[in-house]
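Me: Could you walk me through this protein model, one question at a time? I would like to see how each answer is reached.

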Amino acid sequence: MPTSYLIVDELKEMSIWFFLIILIFYAGEMIWKEKSIKISGVTDALPMSDLINLGGKFIGLLLVYVILLVSLMIAGILFQTISGYYNYDLKVYFTALFLEVFPFLTLYTFMIFFFQIVSNSKFVGHVLMLLFFLVTVSMGFLGFNHGLIKFGGISLNTYSEMNGYGHFLQPYLLNKIYWFAFCMLIFLLTVLLNVRGVNISIKNRIQLIRQRAKGSVVNLGTVVLMTFIASGSIIFYNTNILNRYFTTSDKEQFRVAYEANLKKFEYLNQPKITAVNLKVDLFTSERNYTDGGFFNLENQGQSNIDQIYIQKYIS
């Protein structure tokens, strides 16, 4: 049955590489458009701030993403219609495409602008962005999964028809705010390092940062920096203070210790559940439930049972 969340998963999986190609190469074309048609000397002399210039190109690229994501949504709905399925869940489409895919593209767009401007070379910028993407993807395999360290933060959990994304949506959005603020700081640095005129070496541009850092750039940077620190502090408090954070190494050591400590109980004769009679009421919005009922236990082994071991749930 082509339910909305299954269609969305397929659309995300099929389109992500297409979006990355647009992100890397089209962004380079937009940034280098004036130099490609040899009018950069004229545009650099115009009384337009670097923030407006780069910000306009950035917003233009985001609009391209929006159009493509809306097209994907329409394609998904058409496929459902052709398949005879008419229960369209637009909230699922919007959440998956515009709260998951769109922020992913936005964060990496900030970085491609940074690499293009700093390197002052279209093709070097492409290479640096590809390397950056590979490094960020590899961080998860190397154990760097903390939301404050892994670029882009945590991912949105699997959708459930029972309660949607449940309580995972709020921390996910907070994590995106943190990384959006970080990338905005990178973007403001990009604005300050923007190539303008003929004196374009990175050393000269760094020397001009203090002169360029004024007005709206400083005001915006102050607000973004405060947002970055505040959101990061909340994430750290919830992840590391209120709760215990397990690294990949911690999880592996826990599994090893778990198996070593409980191995002796593997073949111990214990009663088997032969019947279950339960009544369970789920309150998904409250993350709570009530239950009542009984289990029938039976000794199906060849020896008597002197002790019954109950495993405690490990939180």
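This is a predicted model: local features need pLDDT of at least 70, side-chain atom pairs count only at pLDDT 80 or more; totals for chains, interfaces and linings use all residues.

Me: How many helices and strands does the protein have?

Reply: Helices (H or I, at least four residues) and strands (E, at least two) are DSSP runs, numbered from the N terminus. From that end the elements run α-α-α-α-α-α-α-α-α-α-α-β-β. The total is 11 helices and 2 strands.

Me: What is the radius of gyration of the protein, beside that of a compact globule?

Reply: The C-alpha atoms fill a box of roughly 90 × 50 × 30 Å along the principal axes. The radius of gyration is taken over C-alpha atoms, and the globule rule is 2.2 Å times the number of residues to the power 0.38. For 315 residues a compact globule would come near 20 Å, but the protein has 27 Å.

Me: What share of the contacts between residues at least 6 apart in sequence joins residues at least 24 apart?

Reply: Contact means heavy atoms within 4.5 Å. Among the contacts between residues at least 6 apart in sequence, the share that joins residues at least 24 apart is 72%.

Me: Are α1 and α4 roughly parallel or antiparallel?

Reply: Axes are lines fitted to C-alpha atoms, for helices over the stretch in contact, and angles run from 0 to 180 degrees between N-to-C directions. Helix α1 (residues 4–31) and helix α4 (residues 50–82) pack at about 155°, with axes 10 Å apart. Angles under 35 degrees count as roughly parallel, over 145 as roughly antiparallel, 65 to 115 as roughly perpendicular and the rest as oblique. The pair is therefore roughly antiparallel.

Me: How many nonpolar residues are in the contact of α1 with α4?

Reply: Residues of α1 including Phe18, Phe19 and Tyr26 meet residues of α4 including Leu61, Tyr65 and Phe79. Ala, Val, Leu, Ile, Met, Phe, Trp, Tyr, Cys and Pro count as nonpolar, Asp, Glu, Lys and Arg as charged, and the others, Gly among them, as polar. The contact of α1 with α4 has 5 polar and 1 charged residues, and the nonpolar ones number 17.

Me: Which hand does the crossing of α1 and α6 have?

Reply: The axes of α1 and α6 come within 9 Å and cross at roughly 150°. That makes α1 roughly antiparallel to α6. A crossing is left-handed if the near helix is turned anticlockwise from the far one by less than a right angle, and right-handed if clockwise. For α1 and α6 the crossing is right-handed.

Me: How many charged residues are in the contact of α7 with α10?

Reply: α7 and α10 pack at about 150° with axes 8 Å apart, and their crossing is left-handed. Among the residues that meet are Tyr178 and Phe182 in α7 and Val224 and Phe228 in α10. The contact of α7 with α10 divides into 16 nonpolar and 5 polar residues, and the charged count is none.

Me: Is Thr190 buried or exposed?

Reply: Thr190 sits in helix α7 (residues 169–192). Leaving aside neighbours within four places in sequence, Thr190 is in contact with Leu54, Phe113, Phe114 and Ile117. Buried means under 20% relative accessible area, exposed over 50%, partly exposed in between (1.4 Å probe, protein chains only). At 0% relative accessibility, Thr190 counts as buried.

Me: How far from Leu185 is Thr222, by C-alpha atoms?

Reply: Thr222 belongs to helix α10 (residues 216–241) and, at 41% relative accessibility, counts as partly exposed. Thr222 and Leu185 are 37 residues apart along the chain, and their C-alpha atoms are separated by 9.3 Å.

Me: What is the phi of Arg287?

Reply: Arg287 lies in the loop between β1 (272–283) and β2 (288–298), and at 58% relative accessibility counts as exposed. Its phi is positive, in a residue other than glycine, and is near 55°.

Key: Residues are numbered from 1 along each chain as its sequence is written. Side-chain values use heavy atoms; hydrogens and water are left out.
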